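I open my notebook on the aromatic rings and will write down what I look up, entry by entry.

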Amino acid sequence: PCVSICAGAGCVASGADEVIAAFEKEIEAKGLSATVSTKGTGCPGFCEQGPVVVIYPEEICYLQVQAKDVPEIVAQTIENKQVVERLCFKDPATGERAVKESDIPFYRSQQRTVLCNNIKIDSKRIEDYLALGGYAALAKALGQMTDLEVLEEVKKSNIRGRGGAGFPAGRKWEGSRNAKEPIKYVIVNADEGDPGAFMDRALLEGNPHSILEGLILGGYAVGAHEGYFYVRQEYPLAVKNIHLAIQQAEHYGLLGENILGSGFDFKVIVHQGAGAFVCGESTALMTSLEGKAGEPRPKYVRSNVKGLWERPSVLNNVETWANIPLIIDKGADWFTSVGTDSSKGTKIFSLVGKITNTGLVEVPMGMTLREIIYDIGGGIPNNKKFKAVQTGGPSGGCIPEHLLDLQVGFDELTKAGSMMGSGGMIVMDEDTCMVDVARYFIAFLTDESCGKCVPCREGLRQMHRILTNITKGKGKQGDIELLEELAETAVEASLCALGKSAPNPFLSTLKYFREEYEAHINDKK
Ligand code: SF4
């Protein structure tokens, strides 16, 4: 048997390190070390119920495990094949019990292709990744495919970038590949900064080799020999695990010169960002990588043609890169068999807010918001009514109850006045003031504006001032119109995507909850 204990940041905060130590001690004390292994793994997503422990091969899943529970688990489950009932999932509504991870409603409707290995891998051991087929895609690409064939496969998969804009990754890669400049770069955008979002963190901490493998494949396809991880320094475990993954890949000949005897050379450099949200924007990130202040620049020429040090640079986010080995290994047809016409594959969301089951979920594109929130998320706690869900990060939008049957997909969410963003999903109940929600997100973006252009820097500041007044009962007639004017100016005239999308929380809440704005202003409360 193998005991897998989530050692992601969420479970560590709930005592996972003590649980791992207790298992090691107990297994040693009982003389079981020769037959039972213990490993700290990546995050399986059910952060609400951490620390999560899964015992293989039976896949028995225990939740909220503490060090004091360990002797009972070892005695009952490992030695006597009995289930410790009190640590199993019990549905709060039906009382239904689930022993296996796959029987828990939170996991049952998910389709975990990118996240699935997190709970099976000790992210500090490349051998765990290799044992599950890791680097098979790289071996296939370098051994059996030309660089152009790798690019064509990614284009055929129609994978759209998981970081925000949803631009087709293959077309972005093709632009870099076809650019005349011979020196090119591939970059991982690991600067996840959305409040309430931790999709990339879970992959960086839990399965760093999957991202690294995707990056090497990207380098091969576009003709780049240098790759970068731009990772926020607030993710220390992620930074540590990436460094370790790079060292191990070098040791196995999967990075460096003449990879797997193919003649392809590739090296990777890790750069830690200093926590500026705007550095998630492509040009700001590349400017920061060059050692300058991370401010966006005009995109007269796209960064895949003229990016880092004015050279062709492919920037994709963590989740996009982690999908690439799967596409190369299993094929584009496998990838396109899941999803909607315009949004293929699965998407990871961080499901947070007023929701029973908080955590990371991976679902096929096209699943409805209702299914995600109720079937997987378990609905709204304390018998409250659902009011809205905010998708797309701080510059996303709020989607009301009558659109709960909306399918999640890049275009569907944009049409509803929100966006996919990188996958934040914040659920709000009937007690939430939607004007205050808009005020909160505008406050965040006001702080994070780099200040380079006036519509964003001053416009957001004024929007925040007016929204604060409205929520304090000091709103005036004409405030809504003034907010609309400021929002329109920011959308039209801001330099980068941060400013252009910043008014979304206001615009979407006004569109669907205008009566709340009017009530604040008219009733002075
Ligand atoms: Fe900076 Fe905002 Fe202008 Fe972007 S839109 S360049 S964040 S001031």
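I looked up Y107 and found that Y107 is buried, with a relative accessible area of 6%, where buried means under 20% relative accessible area, exposed over 50% and partly exposed in between, for a 1.4 Å probe and protein chains only. I note that this is a predicted model, in which local features need pLDDT of at least 70 and side-chain atom pairs count only at pLDDT 80 or more, while totals for chains, interfaces and linings use all residues. Residues are numbered from 1 along each chain as its sequence is written, and side-chain values use heavy atoms, with hydrogens and water left out.

Next I looked up the pairs and found 15 aromatic pairs in the structure; rings of Phe, Tyr and Trp (its six-membered ring) pair if their centres lie within 6.5 Å, and planes under 30 degrees apart count as stacked, over 60 as edge-to-face and the rest as tilted. One of them joins F46 and Y107 edge-to-face, at 5.9 Å centre to centre with 85 degrees between the planes. F46 is buried as well, with a relative accessible area of 1%. I also wrote down that F46, F89, F106 and Y107 form one aromatic cluster.

Then I looked up F506 and Y517, an edge-to-face pair with 5.7 Å centre to centre and 85 degrees between the planes. F506 is buried at a relative accessible area of 0%, and Y517 counts as buried at 0% relative accessibility.

Last, I looked for charges over rings (NZ of Lys or CZ of Arg within 6 Å of the ring centre and within 35 degrees of the ring normal). I found R232 over the face of Y235, at 5.6 Å from the ring centre, and the charged end of R302 over the ring of F167, 5.3 Å from its centre.
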